[in-house]
Amino acid sequence: MSRQQQTPTAAVSSTTSTTDLASLFECPVCFDYVLPPILQCQSGHLVCSTCRPKLTCCPTCRGALGNIRNLAMEKVASTVMFPCKYSSSGCAATLLHTEKSEHEETCEFRPYVCPCPGASCKWQGSLDQVMTHLMHTHKSITTLQGEDIVFLATDINLPGAVDWVMMQSCFGQHFMLVLEKQEKYDGHQQFFAIVQLIGSRKQAENFAYRLELNGHRRRLTWEATPRSIHEGVQSAILNSDCLVFDTSIAQLFADNGNLGINVTISMC
Ligand SMILES: [Zn+2]
Ligand SMILES: [Zn+2]
Ligand SMILES: [Zn+2]
Ligand SMILES: [Zn+2]
């Protein structure tokens, strides 16, 4: 009986010591972890690299911050398994500090943000709340059913930066179609068209989308894997990893200032 009791006690205490070790690296200001390069105050207190530039003295002892590197703590930090930033949302991963930020970038427990382009909406939540949010807060977005639809952007000649957004429902999923117009410099405008799945990256890999502009004896086509709203479309637009065209091409395919983009979603 005493042996049965010892085993779980040992397991618990070893877990506690790992957590304790990580907690030694907690920043006293923001409670995030202090990771290498680790700088200490004159008395040896640590503060993270985000908080440090905002401080005039050590938050623990009020002493001078100085520029003293703590190499021993850096060595220890490289052996400690730190819990993921989203552990309170359910992520059980513990990682070396060198792997931590890369994991957190794609962590499935990272909250979803509102997928509408433009940074005006600050909503955050879980994946299964996204559609409810869109239906309540962004009522003006039209939804079309089917794998093959036309995304009609009206008044594409409107000046300045403009976003056109539409939803497409098929295969039991919801896709958000985005056409973004950016003014690069002096009247030179570029259009970016892209599709994102209201779903995880894993789910998005099961689909492909095709965007097609059709004009008089002309056709411009782009095919790719939809983005997940978890990664969003901004980085893809920045890297031109989407259908990109300028104003003159838009004019070739537009009709009275309206541009129809054929959107086809398929499973792969
Ligand atoms: Zn901090
Ligand atoms: Zn101090
Ligand atoms: Zn995680
Ligand atoms: Zn929103």
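I began with Ile261 and listed its contacts, setting aside neighbours within four places in sequence. Ile261 touches Ile149, Val150, Phe151, Leu179, Ala193, Leu211, Glu212 and Leu213. A reminder to myself: this is a predicted model.

Next I looked up the largest nonpolar core, which has 47 residues. Ile261 is among those with the most contacts inside it, along with Leu179 and Val263. Strand S11, residues 188–197, gives the most to this core, with six residues. I also found a second, separate core of 17 residues, including Val34, Val47, Cys51 and Ala77.

Then I turned to the metals. Which residues coordinate the zinc ion (ligand 3)? I found Cys84 (SG), Cys91 (SG), His103 (NE2) and Cys107 (SG), at 2.1 to 2.3 Å. The four donor atoms subtend angles of 103 to 114 degrees, so the arrangement is tetrahedral. Along the sequence I read the donor spacing as C-x6-C-x11-H-x3-C. Cys84 sits in the loop between strands S3 (82–83) and S4 (94–95) while His103 is in helix H3 (residues 97–106), so the pair ties together parts 19 residues apart in sequence. Cys84 is buried, at 2% relative accessible area.

My last stop was the zinc ion (ligand 2). Its protein donors are Cys41 (SG), His45 (ND1), Cys58 (SG) and Cys61 (SG), 2.1 to 2.3 Å away. This site is tetrahedral too, with angles of 104 to 112 degrees among its four donor atoms. I noted the spacing C-x3-H-x12-C-x2-C. Are Cys41 and Cys61 buried or partly exposed? Cys41 is buried, with a relative accessible area of 0%, whereas Cys61 is partly exposed, at 30%.

How values were computed
Residues are numbered from 1 along each chain as its sequence is written. Chains are lettered from A and ligands numbered from 1 in the order in which they are written. This is a predicted model: local features need pLDDT of at least 70, side-chain atom pairs count only at pLDDT 80 or more; totals for chains, interfaces and linings use all residues. Side-chain values use heavy atoms; hydrogens and water are left out. A nonpolar core is a set of buried Ala, Val, Leu, Ile, Met, Phe, Trp, Tyr and Cys residues joined through side-chain atoms within 4.5 Å. Buried means under 20% relative accessible area, exposed over 50%, partly exposed in between (1.4 Å probe, protein chains only). Helices (H or I, at least four residues) and strands (E, at least two) are DSSP runs, numbered from the N terminus. Contact means heavy atoms within 4.5 Å. Donors are N, O and S atoms within 2.8 Å of the metal (3.2 Å for Na, K and Ca); water is not among the atoms, so sites may look incomplete. Four donors count as tetrahedral if all angles lie between 85 and 135 degrees; four count as square planar and six as octahedral if opposite donors are over 155 degrees apart and all others between 65 and 115; anything else is irregular.
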